[in-house]
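My entries follow the structure.

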Amino acid sequence: MCGRYGFGNPARFDALGLGVQFPPLGPRFNVAPSQSVPLVTQDADGRSVRVARWGLVPGWADEPSIGARLANARGDTVGTKPSFRAAFKHRRGLMPADLFYEWQLVPGQKTKQPWCIRLPDDAPFLLGALWEEWTPRNDPIAEPLSTCAVITTEPNTVMSRIHDRMPVLIHPADAAEWLDPKTPKTRAQALIAPYTGPLENYPVSLWLNTPRHDDARCAEPLPRMDWPDE
């Protein structure tokens with residue numbers, strides 16, 4: 001799964017070459033489900049950036065609370081699961097980031113160890129996502145609520161010793177195909193795969209575990225002497 005992520009240097013998002021204008025964004029180091037996130041989408045009017053709530057609410061849902069359980073979508077079932085299949089076919093998005101976190105089960109410890117995962121040079125990357133707009137049935141003229149979910153897949157070599165899932169990272173060269181609603185489902189499905197490029201990873205403190213802690217301390221590596229045995 002992907003439970004937290006961040007963007008310590010959002011000014012670098014323009015280097016992703018998506019052809020969109022990002023709104024002013026401050027650094028975030030501990031973005032959690034239910035919070036607002038920048039999301040790149042594409043529809044008949046073209047490509048744009050919207051603010052969405054992390055936790056997908058399907059259009060057929062009676063209440064938006066279902067989004068609390070749908071922050072992640074498994075890549076192997078995203079095309080068939082009722083909560084995600086319509087979004088996977090028509091509304092694929094990208095969540096720009098430059099770090100994400102995962103929690104490792106350490107033998108002999110009651111508390112899982114959080115790890116920060118980044119690209120070399122803390123370069124920005126794109127999380128594969130789905131999005132929906134939800135409107136309450138009893139108020140059809142209400143402002144639609146934009147929501148999203150991160151797609152996860154099997155771990156690569158780096159991630160396999162930390163967790164059994166990892167978020168899907170979409171290469172910028174594949175962004176156009178991923179975002180285009182006309183891209184066949186089979187091709188979109190082929191882009192859901194473990195990341196094959198280099199990843200840097202290091203353990204961080206339990207400061208991260210509290211969602212209200214959203215500062216650079218969340219992504220600071222532990223002193224080497226405090227790293228779990230590898």
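I took helices (H or I, at least four residues) and strands (E, at least two) as DSSP runs, numbered from the N terminus. This is a predicted model, in which local features need pLDDT of at least 70 and side-chain atom pairs count only at pLDDT 80 or more, while totals for chains, interfaces and linings use all residues. Residues are numbered from 1 along each chain as its sequence is written, and side-chain values use heavy atoms, with hydrogens and water left out.

Entry on the proline. I found Pro-221 in the segment after β12 (200–203). I count a residue as buried under 20% relative accessible area, exposed over 50%, and partly exposed in between (1.4 Å probe, protein chains only). Pro-221 is partly exposed because its relative accessibility is 49%. Its C-alpha lies 5.7 Å from that of Pro-203, 18 residues away in sequence. Neighbours within four places in sequence aside, Pro-221 has contacts (heavy atoms within 4.5 Å) with Tyr-202, Pro-203 and Val-204.

Entry on the cysteines. I searched for disulfides, meaning pairs of cysteine sulfur atoms within 2.5 Å, and the count was 0. For Cys-218, the nearest cysteine sulfur is that of Cys-116, 9.6 Å away. Cys-148 is buried at 0% relative accessible area, and Cys-218 is buried at 0%.

Entry on the cores. A nonpolar core is a set of buried Ala, Val, Leu, Ile, Met, Phe, Trp, Tyr and Cys residues joined through side-chain atoms within 4.5 Å. The largest has 57 residues, and among those touching the most other members are Phe-100 and Trp-178. Strand β9 (residues 125–134) gives this core its largest share, 7 residues. A second, separate core of 12 residues includes Cys-116, Tyr-202, Leu-208 and Cys-218.
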